[in-house]
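Keep the structure open while you read.

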Amino acid sequence: MARRIGILGGTFDPIHVGHLIIAQEVLVQCQLDQILFMPSGEPPHKHNPEMASAEDRAHMVDLAIGGYPGFALSRFELSRPGKSYTVDTLRDLRRKMGGDVTLFLIIGADNAVEMGDWCKPEEVLELAQVLVAERPGFPRDRIQALYKSKMQFVETPLLDIASTTIRQRVRTGKPIRFFVPDPVVEYIEAQALYR
């Protein structure tokens, strides 16, 4: 029987409880064997000069998911030079993992709305089953019908938490506990990130 592997990519700058809750719900509801948290190396649509280094972002993911069965950190995109396009990642993963794996790409509704701007979105939908987690402010009717018909929607708690907000809170001296796991709070403080 094919292993069911979920891919949850993102900048994770920083990873927060919203990411973790979505991953847990998808893992259980879609009966996946594992979810790979995959920090992007050089995201094509995000140009933030203040972004934490790839190593810092990967380390925060590792701290956040440490010990949770079914979650693993993947450095797949970090090891590849240049921009991180989802279609390239899925092609490479398919070659590396072989035919005994079914890939599930986990995205938020905000990403689903923008899928028409992605590099080769039709191929993305052929390479993996796309699982969409609902997100406040991004109703399903904003997703192009061509793509929506090939997506599976997963009901998850609607938490309006964004990494941007967390970075702003750090910059302004506000607490971020409960937005991110405690080991991530400690790492951000120790490394003086986002100041």
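This is a predicted model: local features need pLDDT of at least 70, side-chain atom pairs count only at pLDDT 80 or more; totals for chains, interfaces and linings use all residues.

Start with the backbone. Most residues other than glycine have a negative phi, and most peptide bonds are trans. Now for the exceptions. Asp13 and Pro14 are joined by a cis peptide bond, with omega at about 0°. You'll find Pro14 in the loop between strand E1 (3–10) and helix H1 (17–29).

Two residues have a positive phi without being glycine: Lys120 and Ala192. Lys120 sits in the loop between helix H4 (109–113) and helix H5 (121–127), while Ala192 is in the segment after helix H8 (182–191). Here they are side by side:

| Residue | Phi | Relative accessibility |
|---|---|---|
| Lys120 | about 50° | 46%, partly exposed |
| Ala192 | near 55° | 44%, partly exposed |

On to the rings. How many aromatic pairs does the structure hold? There are three. One of them is Phe37 with Phe71, an edge-to-face pair with 5.0 Å centre to centre and 65° between the planes. Phe37 belongs to strand E2 (residues 34–39) and Phe71 to strand E3 (residues 71–73), so this pair ties together parts that are 34 residues apart in sequence. Both of these residues, Phe37 and Phe71, are buried.

Phe71 also pairs with Tyr68, this time tilted: 4.4 Å centre to centre and 35° between the planes. Tyr68 is partly exposed at 32% relative accessible area, whereas Phe71 is buried at 10%. Put together, ring pairs link Phe12, Phe37, Tyr68 and Phe71 into a cluster.

Technical notes
Residues are numbered from 1 along each chain as its sequence is written. Side-chain values use heavy atoms; hydrogens and water are left out. Helices (H or I, at least four residues) and strands (E, at least two) are DSSP runs, numbered from the N terminus. Buried means under 20% relative accessible area, exposed over 50%, partly exposed in between (1.4 Å probe, protein chains only). Rings of Phe, Tyr and Trp (its six-membered ring) pair if their centres lie within 6.5 Å; planes under 30 degrees apart count as stacked, over 60 as edge-to-face and the rest as tilted.
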